[in-house]
Structures are given as C-alpha cells and as structure tokens.
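Reader: I would like to go through this model with you, one question at a time. Could we settle the terms as they come up?

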Amino acid sequence: MKVLKILFILIFFSSFAYADKNMKIGIKGKENEVSRIIKVVMYDNYYKPNSFQIKAGETIKFEVENAGMLVHEFNIANKMMHMKHQPEMEKMAENGILLAFSIDKEKMKKMAKMDKTMGHSHSNSVLLEPKEKGSIIWKFDNAVNIEIACNVPGHYQAGMIAKADIN
Ligand SMILES: [Cu+2]
C-alpha cells in the first residue's frame, strides 16, 4: 500500500513537471511583435549559428535556410519534447514521407488526413528540404531550458542541437 502511494506521488509529480516544462517554451509570435530577425543556416548535421542569446519576452523571427544535402528541421522545444517528437519523425520516415534528401509532400497530405502527426504542422518547428527556406516567429515569454534541434532520425543523436540562452 505504501509502495503504491509512493508510486502514485511519483507519477503525479513527474507528469506535473512535464506539463510545466511544456508551457515554458514560449508561444507562436505575431509578425507585428517581431523585435529581431535571426538568420539560421542548416548544414549536415549542424546549425549556424548554434547558440542564441535571447531576452525573456522577446519575439524573434528565425529565417531558416537548409544549405545541406539532407532534410533538416528547426524545432524550438525542450529535450523532453524532442524525445516525444522523434518517434513521430521515425514513423514519417517508415511511411516514406520523410526521405533522406526530400519530403514526399503528396504522401504527407494523404497520410495527414488519417493521422495528424504525419502532417508535421507544428507552430514551433519548420521542416525543410535541401535549398528550401522557411521561418518561425517565436515569443519566448518566460521560456526555460530551450533546446533547438533537428528530429530527422539520427540527427539529434549526431548532435544537431542549438542552444538558446534566455535572460
Ligand atoms: Cu537534421
């Protein structure tokens, strides 16, 4: 009984901590609130620059370009969210949507009708083919423990992670 109680407390608090961390990554920002534009170039498998100095509450527009040979993602989240997102990306790869050098957008559209996660439309991330450009506007609010990373299978493990210091 005692064990059960401890287990319950552990589960309760770990899920609470998770929800709390989730909220602290900030929110999708508005174009008219952008205070700074940062250009980011993605290579195989790293970002340039790979660290960002951000003021709490700042709204930043990241203009992202994929200059690599591989498909890459620029995803603003925290470590736990990346861990959760990676199986989705693996599933996209298994289904032939996410290929090493391209994205099958037709297949993506079709499969997204059955499974929303296969559409990869997240406001905190942009997934780009080689030579493609995209952007994200992000309001950092009281964000903490931010990790910007690529969740294309194997890339996170290869170190495709950028740091963001929020002060
Ligand atoms: Cu990548």
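Author: A residue is called buried if 20 or more other C-beta atoms lie within 10 Å of its own, exposed if 12 or fewer do, and partly exposed in between, with the C-beta atoms placed from the backbone. Helices (H or I, at least four residues) and strands (E, at least two) are DSSP runs, numbered from the N terminus. The model is a predicted one, in which local features need pLDDT of at least 70 and side-chain atom pairs count only at pLDDT 80 or more, while totals for chains, interfaces and linings use all residues. Residues are numbered from 1 along each chain as its sequence is written.

Reader: Which residues of H2 are buried?

Author: Helix H2 covers residues 79-94, and the burial criterion is the C-beta count just given. By that criterion, the buried residues of H2 are Met-81, His-85, Met-89 and Met-92.

Reader: How far apart are the end C-alpha atoms of helix H2?

Author: The expected span of a helix is 1.5 Å times one less than its number of residues. The 16 residues of H2 should therefore span 22 Å, and this agrees with the model, where the end C-alpha atoms are apart by 23 Å.

Reader: Where in H2 does the kink lie?

Author: The bend at a residue is the angle between axes fitted to the seven residues ending there and the seven starting there. In H2 the kink is about 25 degrees and comes shortly before the proline Pro-87, at His-85.

Reader: Which residues touch the most other members of the largest nonpolar core?

Author: A nonpolar core is a set of buried Ala, Val, Leu, Ile, Met, Phe, Trp, Tyr and Cys residues joined through C-beta atoms within 7 Å. The largest such core has 33 residues, and those touching the most other members are Phe-74 and Ile-76. The elements that each supply at least two residues of this core include H2 and strand E6 (72-77).

Reader: Which residues of E6 point the other way from His-72, Phe-74 and Ile-76?

Author: Six of the six residues of E6 are buried, and they point two ways from the strand. Opposite to the direction of His-72, Phe-74 and Ile-76 point Glu-73, Asn-75 and Ala-77.

Reader: Which residue is the bridge partner of Glu-73 in E7?

Author: Two strands pair if DSSP finds at least two bridges between them. E6 and E7 run antiparallel and are joined by four bridges. Within this pairing, the bridge partner of Glu-73 is Leu-127.
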